Amino acid sequence: MTAPFPRLGGVLHSGGISLESLADRFGTPLYVYDLDQVRESLRRFEDAFAGMDLLLAYSVKANGNLAVLHRMAQWGAGADIVSGGELFRARQAGIPADRIVFAGVAKTAEEMRAGLREGIYAFNVESEGELRRLEAVAAEEGTVAPFAMRVNPDIVSPTPHEYTRTGHAQTKFGVPMGRALDLYREAARSSHLWARGIDVHIGSQILDAGPFVQALDHVATLARSLRSEGVLLEFLDLGGGYGVRYGEAGSERELDLEELAERMKPTVAELELRLVLEPGRSLVGPAGVLLTRVEYVKEGQGKTFVIVDGGMTELLRPSHYGGYHAIEPVRARPGAETRPVDVVGPICETGDFLARDRSLPLPQAGDLLAVHTAGAYGFAMASNYNARRRPAEVVVEGGEAFLVRERESLEDLVRGERIPWPVG
Ligand code: LLP
């Protein structure tokens with residue numbers, strides 16, 4: 001894969017445009033997504049799984065910007081959504097309803113109704129209660145709800161943080177394999193439920209093919225049992241979680257998609273099912289960078305703090321998951337002393353950091369830093385804590401940059417609030 005943000009003449013670029021010029025034009029902190037790179041990531045999935053009946057349902061939660069979603073739609077992707085809000089976003093952006101799968105453990109009747117009215121491809125059902133509610137809502141709507149049971153295969157997946165492991169019995173996700181079989185049997189008797197597929201998602205940022213193949217084997221066993229009972233499914237949804245590189249170039253590998261596809265092929269072919277994949281991070285993560293400007297360099301007691309204008313409100317991953325993101329100066333500083341620093345934000349919390357004890361060429365106030373692999377779960381998890389205005393988002397495509405989300409205004413911060421007493 002080509003480097004998404006190459007250094008040209010000492011300055012990081014995106015699609016031939018210097019990141020410095022983007023920061024000057026749109027301000028900081030700023031998210032920049034290289035859409036050509038996103039397109040390439042999508043192609044890598046298509047190429048790896050070529051020859052299979054594949055639906056790539058992009059996981060909207062990773063980056064739900066409308067422009068990104070719109071391109072996904074044009075490139076033929078569907079969507080994996082987890083809320084009525086994401087359904088709205090996906091449809092606004094032009095993603096066809098019949099390419100949308102709806103996950104999530106707490107779907108409301110209203111969200112189900114919206115999904116049914118739009119005609120989504122399938123609800124990925126996570127509990128018995130949800131299946132019953134879905135049946136009732138479909139009955140009210142006079143329709144049939146296509147669904148897949150999300151099974152919990154009780155696999156402890158090797159993700160970097162426990163919060164992103166979803167495939168073992170102690171998590172709230174999915175139903176046990178044995179229970180799933182009973183629920184499919186019950187659903188077969190309902191005139192408002194259509195068992196269309198089977199679903200599993202074991203976690204996020206997984207770098208080995210093994211756990212996915214293990215999950216596939218589990219659902220394949222269930223699909224075979226169902227087939228022997230006359231329940232003929234149409235698809236098998238293996239969820240998302242395909243790992244990317246967060247460290248410096250050359251520091252660690254990504255998940256080998258070709259290997260994964262090769263190892264999955266025989267089972268998918270034998271079952272003759274459509275394969276749904278829900279990649280999020282792997283499509284947009286490496287294609288995004290967070291640009292943040294150094295406000296101060298502060299010498300603490302035995303520690304150097306590089307204080308920047310973006311923090312946990314812009315990129316929560318380091319603080320929340322201890323996530324590592326490679327950080328580089330946008331303009332190289334030849335001769336700068338390299339030493340360990342903490343890169344910290346403006347938020348009034350000690351947990352507000354982008355990197356700790358990181359060896360960096362010591363920057364100066366006013367310098368720009370690029371925080372890499374920030375295209376997924378970056379802006380998507382941004383907040384207004386400390387009355388911070390959420391940052392602007394820019395996409396670069398074909399050598400052109402477009403502002404796709406304005407920086408929030410002060411007015412945006414108080415929108416919808418009311419003081420119920422006379423102000424004066
Ligand atoms: N499908 C389902 C059912 C999911 O729950 C998720 C992610 C995905 C697909 C997409 O996973 P991906 O391909 O992006 O790894 N905020 C965390 C990640 C949480 C992921 C939640 N579910 C982070 O920043 O690492």
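Trainee: Which residues form one aromatic cluster here?

Mentor: Phe45, Phe49, Phe212 and Tyr242 do. Keep in mind that this is a predicted model.

Trainee: What makes Phe45 and Tyr242 an aromatic pair?

Mentor: Their ring centres are 5.5 Å apart, and rings pair if the centres lie within 6.5 Å, so these two qualify.

Trainee: Where in the chain do Phe45 and Tyr242 sit?

Mentor: Phe45 is in helix H2, while Tyr242 is in the loop between strand S12 (235-237) and helix H9 (257-271). The two are 197 residues apart, and the pair links distant parts of the chain.

Trainee: How do you know whether Phe45 is buried or exposed?

Mentor: Check the value against the cut-off. Buried means under 20% relative accessible area; Phe45 has 1% relative accessibility, so it counts as buried. Tyr242 passes too, because its relative accessible area is 2%.

Trainee: How many aromatic pairs does a search of the whole structure find?

Mentor: Nine. One of them is Tyr31 with Phe379, at 6.3 Å centre to centre and 80° between the planes. With the limits at 6.5 Å for the centres and over 60 degrees for edge-to-face, this pair is edge-to-face as well. Tyr31 belongs to strand S4, Phe379 to the loop between strand S19 (368-371) and strand S20 (392-397), and 348 residues separate them. Both are buried.

Trainee: Let's move to helix H3. Which of its residues are buried?

Mentor: Val68, Leu69, Met72 and Ala73, in a helix that runs over residues 66-74.

Trainee: Why are they said to be on the same side of H3?

Mentor: They cover an arc of only 140° around the axis, so they share one side of H3. As a general point, an α-helix has 3.6 residues a turn, so residues three or four places apart point the same way.

Trainee: What do the buried residues of H3 pack against?

Mentor: Strands S4 (30-34) and S5 (54-59), plus helices H2 (35-48), H4 (84-92) and H10 (281-284).

Trainee: What happens at the start of H3?

Mentor: A side-chain oxygen of Asn65 comes within 2.8 Å of the backbone nitrogen of Ala67. Asn65 itself is in the loop between S5 and H3. Its relative accessible area is 6%, so Asn65 is buried. Asn65 also touches Arg89, Glu393, Val404 and Arg405, leaving aside residues up to four places away in sequence.

Trainee: What makes Asp154 stand out in its phi?

Mentor: Phi of Asp154 is near 55°, a positive value in a residue other than glycine. Most residues other than glycine have a negative phi. Asp154 lies in the loop between strand S9 (145-152) and strand S10 (175-176). At 47% relative accessibility it falls between the 20% and 50% cut-offs, so Asp154 counts as partly exposed.

Trainee: What kind of peptide bond runs from Thr28 to Pro29?

Mentor: A cis one, with omega near -10°. Most peptide bonds are trans. Pro29 is in the loop between helix H1 (19-26) and S4.

Technical notes
Residues are numbered from 1 along each chain as its sequence is written. This is a predicted model: local features need pLDDT of at least 70, side-chain atom pairs count only at pLDDT 80 or more; totals for chains, interfaces and linings use all residues. Side-chain values use heavy atoms; hydrogens and water are left out. Buried means under 20% relative accessible area, exposed over 50%, partly exposed in between (1.4 Å probe, protein chains only). Helices (H or I, at least four residues) and strands (E, at least two) are DSSP runs, numbered from the N terminus. The arc is that of the directions from the helix axis to the C-beta atoms. Contact means heavy atoms within 4.5 Å. A polar contact is a pair of N or O atoms within 3.5 Å; within protein, one must be able to donate a hydrogen and the other to accept it, and residues adjacent in sequence count only if both atoms are side-chain atoms. Rings of Phe, Tyr and Trp (its six-membered ring) pair if their centres lie within 6.5 Å; planes under 30 degrees apart count as stacked, over 60 as edge-to-face and the rest as tilted.
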